[in-house]
Amino acid sequence: MNAKYPPFGATTRRSFLKRSLLVGGAAAFPLIVPGRVLGRDGGVAPSERMVMAGIGIGPRGRQVLATILPEKDVQVVTICDVQARARQTVKAMVDEAYGNKDCTTCRDLREVFARPDIDAVLIATGDRWHAPASAMAARAGKDVYSEKPCGLTLEQCQRLASVFDATGRVFQAGTQRRNVRNFQFAVELARSGRLGRLHTLHASIYKLSLIHDWLPAEPEPPRDEVDWDLWLGPSPWRPYNSRYVKGQWRAQYDFDSGAKLLDWAAHTVDLCQWANDCDGTAPVEYEPDGGTIRARYANGVRLVMRPDGWLNTGTCPVRFEGSEGWVETGDTGQIEMHPASLRAEWKSFSLRGTDATAHTRDFLNCVRSRALPAAHQGVMRRSHVACHAAAIAWQLGRPLRFDPAAESFVGDEEANRMRTRAMRTPWLL
Amino acid sequence: MQNTTLSLPRVSLVAASLAAVFLAGCQGPRSASAPDSEAAPLAVSPAAKVGDAARTAPLLDTLRSATAPLHDRARACQQLAVVGSSDAVPALAGLLADPQLGDYAREALECMPHPDAGAALREALGRLEGRPLLGAIHSVGARRDGGSVDALARLLRRPEPDVSVEAARALGRIGGQAALRHLRNRLETPPSDEALRSAAEACNEAAHAALGLGRASEARALFEAVLRTPVPGQPRLTAALGLLRAQGEGAAEAVIRHLESGDAASVAVGLRAVREIPGEALTRRLEAYFSGARPAVRAELLPALADRVGARFARTAEACVDEAAPRAVRLAAIRALGRIGSGTSVTPLLRTAAAAGDAEAAAAALTSLSQLRADGVDAAVLSSLERADAGLKAKLIGVLGQRGNAAVAGAVLQLAASADPAVSRAAFRALDSLSRPGDQREIFRLLRACKDDEGRRLLERAAIVAAMKSETPERRTTVVVEELAGAADPAYRAALQRVRDKLTAQSR
């Protein structure tokens with residue numbers, strides 16, 4: 001170290017970095033090394049394991065956690081949730097996986113971030129918490145796997161990316177389809193030119209909806225049972241209703257991202273960006289058309305975000321169309337292609353699009369190697385910016401032009417104001 | 001590296017149309033379709049005026065009403081955040097201390113580019129307390145309100161930790177000489193560890209923003225100021241990484257010091273810098289350093305250099321695969337070759353895969369062989385099968401399957417008939433990706449002869465894959481239907497039926 005500056009002092013990283021068998025990070029199509037190869041006999045000494053915490057682990061979070069628990073180079077040590085029932089449910093899941101009762105629980109995520117032994121966190125809260133929790137984690141020296149959508153607003157996604165750029169912490173957005181083979185295969189066809197010159201990309205989205213009404217007020221339960229103030233977090237105050245904490249927050253303006261658009265589009269638009277080699281930009285025009293939003297990139301390629309009219313390939317389908325062919329695939333792993341000559345490349349993919357196994361392994365590898373994972377903050381930022389821009393166009397009900405370099409709308413003050421919202425104190429980004 | 005952050009719009013008020021649907025909070029519009037033209041740009045519709053009294057007056061009435069429901073007043077604030085103008089400022093400012101509506105009102109002021117909104121927030125810094133004060137501090141920071149610097153400097157010296165921390169953050173976001181002067185003073189004489197940490201974070205944010213705008217020397221000075229303090233943990237790491245970025249190619253020796261430090265966090269900073277900081281001079285220096293570095297450093301640096309340099313680094317990595325190299329370096333090299341290797345990488349990888357004594361290295365070599373993008377790999381793996389024992393043969397067949405090159409399908413089909421169960425099973429699995437439409441009859445011949453459930457399952461999958469590759473969907477079931485017509489054995493018939501049913505389902 002340069003003697004000019006004091007030493008780093010107590011490190012927050014475990015010494016496993018010095019002794020572990022490092023693997024490389026993401027390439028164009030991430031190459032995943034199974035965790036078992038990292039140990040000579042399949043095991044990794046406790047002192048060399050990554051220590052992780054889970055925050056806000058609900059139904060989707062448990063699916064992701066289920067891919068982390070079997071990994072021999074990771075130890076999940078604590079679960080944080082504002083709901084007591086969730087804390088106990090997930091703790092039981094962790095304890096069963098490890099065959100002990102060592103996993104601790106807590107209600108307040110600040111306790112997690114204050115622990116120097118924790119290297120990384122899985123954040124699977126509701127949308128409203130993803131960005132502030134991830135930023136807090138990074139500032140506390142933790143690497144983050146955050147479920148998507150990663151920010152409630154366009155501006156939150158920008159600031160989140162900036163925090164991870166500045167701190168150098170590893171960030172993986174929960175857009176796991178980047179590490180699922182059938183989607184990788186479809187993207188490879190598009191990028192390699194085997195579909196000819198790309199002209200139209202199709203991204204599936206939910207039927208969009210937006211709710212501003214509040215559910216009827218109910219008495220707040222004891223904080224240890226449900227901490228309503230913490231549940232709200234950065235979202236503005238409203239009275240408690242038990243249905244919110246049971247999942248009925250979706251489509252609520254204050255809790256959901258972009259009128260439900262980002263629920264699927266965080267995945268599907270992300271894949272379209274990748275297919276079009278546009279991970280560093282976003283479309284320049286957006287036009288709502290009922291429940292569909294049509295966009296256009298500066299390179300002329302169109303992006304159509306639509307809820308209907310898909311082949312039967314499962315949820316979250318995408319379709320890439322070029323001058324010489326097209327490919328469509330979804331979460332079942334099934335691939336449909338044209339022209340017939342492409343069928344010689346047909347493959348059978350058994351891993352479902354919702355499976356995060358390879359994606360979490362990618363994250364864990366990058367925690368060790370300090371490489372950027374497949375869905376790092378830069379990729380996340382651009383695809384989420386595109387999604388939020390589309391959602392704003394839909395909400396305003398008119399076409400919008402967008403400057404991807406400035407990440408602002410051209411000549412539309414209302415749209416620009418909608419890029420950001422104030423966050424409730426003390427949860428600020 | 002993208003460092004831009006959102007700055008609040010400074011555009012003058014422009015006409016903007018308001019979708020009634022947004023104000024009413026209903027579901028999205030039912031609009032007419034635009035003509036679907038590939039070439040024509042979208043037309044931007046005429047915009048109605050932000051601040052149009054016809055739109056904002058009802059919202060202000062709701063906001064000021066003593067009897068309007070709380071929800072309606074909250075919604076009015078949210079809508080004013082988008083369409084409000086200076087006439088809404090007094091009513092909004094009056095709500096900043098409200099425990100339920102304060103954040104809603106603040107959002108409207110924060111989003112409104114009008115100077116009156118900024119003035120209201122600035123004024124509020126002097127009268128609010130508690131969470132409302134924290135919110136106002138944050139909002140002036142989000143607006144990058146240079147006029148708030150003096151007020152923030154006073155708040156920086158408040159005894160309440162959360163107030164001074166938030167004030168520091170706001171100063172960091174605002175940046176500029178005046179704000180940074182206060183922060184640097186704070187760095188030099190912090191009243192507490194928390195104060196030091198918040199000042200360091202704020203300076204880091206300002207420096208990061210400066211770096212993103214191309215002001216490297218300004219960024220460098222700030223990062224160095226942070227590093228001269230004893231602040232530990234992430235703020236220190238952030239400053240260290242930032243300084244390397246600000247130094248650019250000139251950071252070579254500093255990067256090397258990080259890599260050699262023996263401190264895990266410092267090494268992590270160095271590795272990130274290796275991957276990020278561009279420049280051929282830095283690359284050459286790192287490559288020269290690599291060759292003489294101690295093994296622990298080489299093992300960690302190798303993957304990062306492989307990512308940085310790419311295919312040109314393959315020869316260096318191949319040399320590190322030599323069995324005489326330290327084990328950690330060997331393993332790192334073997335894994336890196338899967339990403340950056342070329343045709344010359346095949347021989348050392350095959351040799352490693354075949355060598356006894358290090359199962360982990362052998363497994364890593366097989367993985368890299370399956371990933372290697374180079375000409376001649378499949379042919380080399382095929383030819384190596386002749387010399388391989390059954391165990392290795394099975395693994396190498398697995399590599400061919402993972403590589404997915406249908407040109408080797410014929411050879412793998414022959415191996416599928418092997419008397420050695422490990423070899424035949426491996427071939428069955430590989431056919432899952434390799435089989436071609438013309439292979440169906442041979443696969444069915446193997447299926448007819450197969451007597452165990454696992455083998456049948458694998459061959460059924462291979463048959464499905466082969467059929468699905470048929471160019472004409474109508475012909476996918478032709479061969480299996482013909483086979484069924486002549487199949488007598490019940491187990492074989494059942495297998496064929498499963499294949500037919502799967503193909504039929506896939507074709508719907």
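Predicted model: local features only at pLDDT ≥ 70, side-chain atom pairs only at ≥ 80, totals over all residues.
Q: Why is A:Arg398 called buried?
A: Buried means under 20% relative accessible area, exposed over 50%, and partly exposed in between (1.4 Å probe, protein chains only). A:Arg398 has a relative accessible area of 4%, and therefore it is buried. A:Glu414, at 0% relative accessibility, also counts as buried.

Q: What makes B:Arg285 and B:Glu253 a salt bridge?
A: Their N to O distance is 2.6 Å, which is within the limit of 4 Å. This pair links distant parts of the chain, 32 residues apart: B:Arg285 is in helix α16 (residues 280-292) of chain B, and B:Glu253 in helix α14 (residues 252-260) of chain B.

Q: Why does B:Arg285 count as partly exposed?
A: Its relative accessibility is 31%, a value between 20% and 50%. B:Glu253, at 38%, is partly exposed as well.

Q: How do you know whether B:Glu483 is buried or exposed?
A: The relative accessibility of B:Glu483 is 14%, so this residue counts as buried. Its salt-bridge partner is B:Arg448, with the closest N and O atoms 3.5 Å apart. B:Arg448 is partly exposed, with a relative accessible area of 41%.

Q: What describes the packing of α8(B) and α9(B)?
A: Two packed helices are described by the angle between their axes and the distance between the axes. The axes of helix α8 (residues 149-156) and helix α9 (residues 161-174) of chain B come within 8 Å and cross at roughly 150°. Axes are lines fitted to C-alpha atoms, for helices over the stretch in contact, with angles from 0 to 180 degrees between N-to-C directions.

Residues are numbered from 1 along each chain as its sequence is written, and chains are lettered from A and ligands numbered from 1 in the order in which they are written. Local features need pLDDT of at least 70 and side-chain atom pairs count only at pLDDT 80 or more, while totals for chains, interfaces and linings use all residues; side-chain values use heavy atoms, with hydrogens and water left out.

Definitions and conventions: Salt bridge = Lys/Arg side-chain N within 4 Å of Asp/Glu carboxyl O. Helix = DSSP H or I, 4+ residues; strand = E, 2+ residues; numbered from the N terminus.
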